[in-house]
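Please open the model in the viewer and keep the selection panel at hand.

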Amino acid sequence: MKEFEIPFNKPFISGKELYYIANSVMKGHISGNGFYTKKCEEYLRVLTQCNKILMTNSCTAALEMACILIDLKPGDEVIMPSFTFVSTANAVVLRGAVPVFCDINPKTFNLDENKLKDCLTDKTRAVIAVHYAGQSCEMKVISDFAKNNGLYVIEDAAQSVGAYYHDQHSGTIGDIGCFSFHETKNIMCGEGGALLINNPKFSERAEVLREKGTNREAFFRNEVELYTWIDKGSSYLPSELQMAFLYAQLENIDQVITKRQKAVEYYLLHLKSLDEQGLITLPKYLQHNKINYHLFSILCNTPKQRVELIEFLKNRNISALFHYIPLHSSPAGLKYARTGVLPLNETDFVSERLLRLPVYFDITVEEQDYVISSLLEFFDR
Ligand SMILES: *Cc1c(COP(=O)(O)O)cnc(C)c1O
């Protein structure tokens, strides 16, 4: 049998990245907000139909900006899943506010919209909806809940570039959306992100925030005479080098998603028998969600089985990974969040059983066959 070594992820490279970077150097402008920053913002504007997009250093930066824009204050509460990346909660904690964890739906791994009401107090200011694996949360229900209770909605759409809820692009439904272009995402530039301003009242301030609290952008548009410090802010602007790299990726987003779709559908087809025998559970994608195939996960029946399976695959040079340690059980989560009040049974259930299999742009059928036959063999022992 052929020897395989299958990493969990291999970043996609289009081939034009270095050419665009060289071009940005030749233009003599490699700090932020130049030619390629504008190109990326315009590309995303057309893709998402969101009129105000600001490129950022990371999704973490975009989430921090979102929490400043909605004016979170110490003691305010923000509802979010515990089953998410730390940045969702950090952005809130950095403002002195308190994450309140809502349980997830064990089928979609997203916020259980029916449990939001249990998390509501008179201190609640916002909901952060995290779209896991590019599958959207139930945004209609979440938006109605927020509207009825005077809350803002922030979408952590870090994993959702190219994914849709009905016909709306992920990240364009709440007041503010956040994208990631970290190396582990479908489309990337090493470190990078974007802020989507859907509620126009935040547009002007978002520009100022990103430019260290100055009116630099308005100044360069000749809208103001003096370039000066007018509000709080930080350095959230990516360099042109990152944006040149990213533009070479964005141009290929359709191709990337199509290739990943093929890989995920191949797994779904060939692992179906294990699901039918009740040995694993395959992911369910809701009809109205158009996913972007960011990752492929299975649910093992028991935590013990997952440990054994990871080991079994590792011995065959296949890297399969578990995912989030729930934030409510992490040291910082225990310190900064409101925990221990609401049950998070589904979050615990999923986080102990979920296993992600390798999916990347140029994964071959032979590599997938090797992963699949290894899985079948594990359950056939
Ligand atoms: C990747 C990710 C982030 C962080 O993105 P960065 O660009 O690395 O800051 C935040 N939230 C979720 C859900 C993510 O998957």
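How many Å separate the centres of domain 1 and domain 2, taken over C-alpha atoms? The separation is 26 Å. The model is a predicted one. To see the two parts, colour residues 17-251 as domain 1 and residues 253-379 as domain 2.

**The contact between the domains**

Next, display the residues at the contact: 46 residues come from domain 1 and 36 residues from domain 2. The size of an interface is often given as the accessible area lost when the parts come together. Here the area buried between domain 1 and domain 2 is about 3600 Å², and carbon and sulfur atoms give 61% of that area. Select F83, F101 and N186 in domain 1; these residues lose the most area to domain 2, and together they account for 18% of what the domain 1 side buries.

**Polar and charged links**

Several elements of domain 1 each supply at least two residues to the side that touches domain 2, among them α2 (35-48), α4 (86-93) and α9 (240-250). Select β3 (98-102) as well: the largest share of this side, 5 residues, comes from β3. By residue type, the side of domain 1 that touches domain 2 divides into 24 nonpolar, 14 polar and 8 charged residues.

How many salt bridges does the rule find across the interface of domain 1 and domain 2? The rule finds 1 salt bridge there. Now select E77 and R338, which form a salt bridge with their closest N and O atoms 2.9 Å apart.

**A salt bridge in helix α2**

The count of salt bridges by this rule comes to 20. For another example, select E42 and R45, whose closest N and O atoms are 3.1 Å apart in a salt bridge. Because E42 and R45 are 3 residues apart in helix α2, about one helical turn separates them.

**An open sheet**

Finally, select β10, β12 and β13. These 3 strands form an open sheet in the order β10-β12-β13, with antiparallel pairing. β10 (280-281) and β13 (354-357) stand at the edges with a single partner strand each, so one side of each is left without a neighbour in the sheet. Strand β12 (residues 296-300) runs antiparallel to β13 and is joined to β13 by 4 bridges. To inspect this pairing, select S297, which stands opposite R356 in β13.

Note on methods
Residues are numbered from 1 along each chain as its sequence is written. This is a predicted model: local features need pLDDT of at least 70, side-chain atom pairs count only at pLDDT 80 or more; totals for chains, interfaces and linings use all residues. Side-chain values use heavy atoms; hydrogens and water are left out. Domain bounds come from an automatic or database domain assignment. Contact means heavy atoms within 4.5 Å. Buried area is the accessible area (1.4 Å probe) that two parts lose on being put together, summed over both. A salt bridge is a side-chain nitrogen of Lys or Arg within 4 Å of a carboxyl oxygen of Asp or Glu. Ala, Val, Leu, Ile, Met, Phe, Trp, Tyr, Cys and Pro count as nonpolar, Asp, Glu, Lys and Arg as charged, and the others, Gly among them, as polar. Two strands pair if DSSP finds at least two bridges between them.
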